[in-house]
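Here is a friendly note to read with the model open beside you. Please take the points in order and find each residue as you go.

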Amino acid sequence: MVEDKSKLTESDVDEIKSIFQKLVENNERYDVDEIEFWFENEGSWSSRDSRIRIVNLSNYVQDKYQQTAHLRIISDDDCSCGN
């Protein structure tokens with residue numbers, strides 16, 4: 001997976017996004033604060049920039065999915081309000 005924990009490559013970023021995307025698509029829940037806490041205490045992730053980037057990616061993917069899921073629920077509403 002990530003070879004250099006001090007600097008994420010674009011390939012690393014794409015893979016991390018994909019992992020979080022699969023989680024939310026499978027209705028798996030994760031807590032962004034817990035992810036941040038884990039990275040701070042895990043030990044081998046010494047680069048703060050990399051940890052922040054991963055936490056931000058997890059938050060971005062989760063927020064993006066929730067927004068699009070909300071829009072799908074609204075668009076599936078068959079109330080015929082405009083007809």
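1. A word before you start: what you are looking at is a predicted model. Please keep that in mind as you read the values below, which are computed from it.

2. Let's begin with the largest pocket, whose volume is about 190 Å³. Two elements each give two or more residues to its lining: helix H1 (10-25) and helix H2 (32-42). Look for Ile16, Ile19 and Phe20, which are among the lining residues, and then for Ile35, Trp38 and Phe39, which are also among them. The lining also includes Met1, Val2, Lys5, Trp45 and Ile54.

3. What classes of residue make up the lining of the largest pocket? Ten are nonpolar, one is charged and none is polar.

4. Now turn to the cavity. Searching the whole structure for cavities of 30 Å³ or more turns up one. The largest cavity has a volume of about 60 Å³. Around it you will find Glu36, Phe39, Glu40, Arg48, Arg51, Ile52 and Val55.

5. Which element gives the most to the lining of the largest cavity? That is H3, with four residues. Both H2 and helix H3 (48-75) supply at least two residues each. By class, this lining has four charged, three nonpolar and no polar residues.

6. Next come the rings. How many aromatic pairs does a search of the whole structure find? There are three. One of them joins Phe20 and Tyr30, with 5.0 Å from centre to centre and 45 degrees between the planes, a tilted arrangement. This pair links distant parts of the chain: Phe20 sits in helix H1 and Tyr30 in the loop between H1 and H2, ten residues apart.

7. Are these two partners buried or exposed? Phe20 has a relative accessible area of 9%, so Phe20 is buried. Tyr30 is buried as well, at 13%. The reasoning rests on a cut-off: buried means under 20% relative accessible area.

8. Why is the pair of Trp38 and Phe39 called edge-to-face? Their ring centres are 5.0 Å apart and their planes meet at 80 degrees, and an angle over 60 counts as edge-to-face. Trp38 is partly exposed, at 47% relative accessible area, whereas Phe39 is buried, at 9%. Together with Trp45, these two residues form one aromatic cluster.

How values were computed:
Residues numbered from 1 in each chain as written. Predicted model: local features only at pLDDT ≥ 70, side-chain atom pairs only at ≥ 80, totals over all residues. Heavy atoms only, no water. 1 Å grid on protein atoms, 1.4 Å probe; cavity = no way out; pocket = protein on both sides within 12 Å on 5 of 7 lines; lining within 4 Å. Points joined across faces, edges and corners; volume = space filled by probe spheres on them. Nonpolar A, V, L, I, M, F, W, Y, C, P; charged D, E, K, R; others polar. Phe/Tyr/Trp six-rings, centres within 6.5 Å; stacked < 30°, edge-to-face > 60°. Buried < 20%, exposed > 50% of the residue type's maximum accessible area, 1.4 Å probe, protein only.
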